[in-house]
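Reader: I am new to this structure and would like to learn how to read it. Please take me through some features one at a time.

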Amino acid sequence: MGNLHMVPPTDTSVIELYVRGEIPEALAGSLLVATNRRHKDRSVFSRWHDSQTDLMRLDLRPGRPGCVTARILAVDPNGADLGAGFQRSDFDRQAINRLPAYGYATQPNHGINVAGETVWATNLLFGAPLEVDLRSWRPRRLLRYVTPELPAPRVSSTAHFARSLDGRRVYFHQSLLEAETVDHPVRAAELRLVELDTNTGAERVWDLHCPNDDDNMAAANFHSAFYFEEDGKRFVGLLRTGAVVEYIAPHLYPHDHIVERMPSSTIWIVQLDDTKNILKAELLPGIRELDGLALSHLDVDASGGNGFVLYANYKEADVAEETHGENLYSCSGSQT
């Protein structure tokens, strides 16, 4: 497309980027980006999940020369700018000035989920998804279906939502994170499966129970979800990455310690049933036997309506909560 150069904006949330070259008509539209303002010195930010985030919308206008307008949305992690879109509890209000022990309401610096004019932006592990109106580029509400409090002060949600074959409904998991103790690392609790109707705004929430043979709640976090149908029944698959969070709060100071190894990743299969309030997950056979680690991003072909073909990313390395040592910025200390 050619080179971009910046024109000084009059509004700091809007930046005009002009293109020395042509933007084809096929690229007309917008690109959505989840960013973060993480300091490169790991003694300042030890986990990128906790870094302050911005959302960016790049509007592409075709032509020669074409034009790109960047619109920045700075996210308030405490949800104070949402008005009625987030009813803060006493615990939320108390937690605002008690970082990093209790975290934040939202910090969407990882995943972008879009349906029509609605965007749901997510963190990899921590905080509730933030709903944003695409046209006005303003936040609406937080999607929070569990209530954090001591001793479970954080929320975790699926980063990449599943979507029904007709595109009408989206699905994701949500749970609380219980703080570590001397006996165990951080553990998930009160697992939920959430269905959102993108046409009407209706919501359906089920309690979610783990498979009998995959009940390690320290590893029950889910990176991605997918939807499929089989024999007229509806299912949601949840990719359990399995990264173990050892501490509910990031380290105040970098120090060497043994990092707990994550277990092999698995996939939970949940059959949807509107007549029930509790859904029991089952394990997808053959995944654990691969002994792969860090199952994460995926693509699914379920268009035939009878099962699915899944393409997913495995990392054959232990992706724990954090690693240690000097990084590419020549800063030593803990890093994600």
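Author: Start with a single residue in this predicted model. Leu82 has a relative accessible area of 9% and is buried, because the cut-off for buried is under 20%.

Reader: Where in the chain does Leu82 lie?

Author: Leu82 belongs to the loop between β5 (67–74) and α1 (90–95).

Reader: Which residues is Leu82 in contact with, leaving aside its neighbours within four places in sequence?

Author: The contacts of Leu82 are Leu130, Pro139, Arg140, Arg141 and Leu142. Take Pro139: 57 residues separate Leu82 from Pro139 in sequence, while their C-alpha atoms are 6.7 Å apart in space.

Reader: Leu130 and Leu142 are both on that list. Which residue stands opposite Leu130?

Author: The general idea comes before the case. Strands of a sheet pair through backbone hydrogen bonds, in a parallel or an antiparallel way. Here, Leu142 in β9 stands opposite Leu130. Strand β8 (residues 130–133) pairs with β9 in the antiparallel sense, over four bridges.

Reader: In what order do the strands of this open sheet come?

Author: The order is β6-β7-β8-β9, four strands with antiparallel pairing. At the edges are β6 (111–115) and β9 (138–142), each of which pairs on one side only. From one strand to the next the twist averages 30°.

Reader: Next, the nonpolar core. How many residues does the largest one have?

Author: In soluble globular proteins, nonpolar side chains tend to be buried together. In this model the largest nonpolar core has 28 residues. Those with the most contacts inside it are Leu193, Leu208, Val236, Leu238, Trp268, Val270 and Leu272. Two or more residues each come from β12 (169–178), β13 (187–197), β14 (203–209), β15 (222–230), β16 (233–240) and β17 (266–271). Another core, of 14 residues, lies apart from it, and Leu73, Val119, Val132 and Leu134 are among its members.

Reader: Take Val236 as an example. Which residues does Val236 touch, not counting those up to four places away in sequence?

Author: Val236 touches Tyr171, Leu193, Ala225, Phe226, Tyr227, Trp268, Ile269, Val270 and Leu272.

Reader: How many residues of β16 are buried?

Author: Six of the eight residues in β16 are buried, so the strand is mostly covered.

Reader: In which sense do β15 and β16 pair?

Author: The pairing of β15 and β16 is antiparallel, over eight bridges. Glu229 stands opposite Arg234 in β16. The two strands form a hairpin with two residues between them, and in the turn Asp231 has a positive phi of about 55°. β16 also runs antiparallel to β17, to which six bridges join it. Gly237 stands opposite Ile269 in β17.

Reader: Now the aromatic rings. Why does the pair of Tyr171 and Tyr227 count as stacked?

Author: The angle between the ring planes decides this, since planes under 30 degrees apart count as stacked. For Tyr171 and Tyr227 the planes are at 15° and the ring centres 5.7 Å apart, so the pair is stacked. Tyr171 is in strand β12 and Tyr227 in strand β15, 56 residues apart, and the pair links distant parts of the chain. Both tyrosines are buried.

Reader: What is the geometry of the pair formed by Phe222 and Trp268?

Author: Phe222 and Trp268 form an edge-to-face pair, 4.8 Å centre to centre with 70° between the planes. Phe222 lies in strand β15 and Trp268 in strand β17, so this pair ties together parts 46 residues apart in sequence. Phe222 and Trp268 are buried. The count of aromatic pairs comes to nine. Trp120, Tyr145, Phe161 and Phe172 form one aromatic cluster.

Reader: How many disulfides does the structure hold?

Author: A disulfide is a covalent bond between the sulfur atoms of two cysteines. The structure holds zero disulfides. Cys67 is buried at a relative accessible area of 8%, and Cys210 counts as buried at 18%.

Key. Residues numbered from 1 in each chain as written. Predicted model: local features only at pLDDT ≥ 70, side-chain atom pairs only at ≥ 80, totals over all residues. Heavy atoms only, no water. Pairing = 2+ DSSP bridges. Axes fitted to C-alpha atoms, helices over the stretch in contact; angles between N-to-C directions. Core = buried A, V, L, I, M, F, W, Y, C linked by side-chain atoms within 4.5 Å. Buried < 20%, exposed > 50% of the residue type's maximum accessible area, 1.4 Å probe, protein only. Contact = heavy atoms within 4.5 Å. Disulfide = S-S within 2.5 Å. Phe/Tyr/Trp six-rings, centres within 6.5 Å; stacked < 30°, edge-to-face > 60°.
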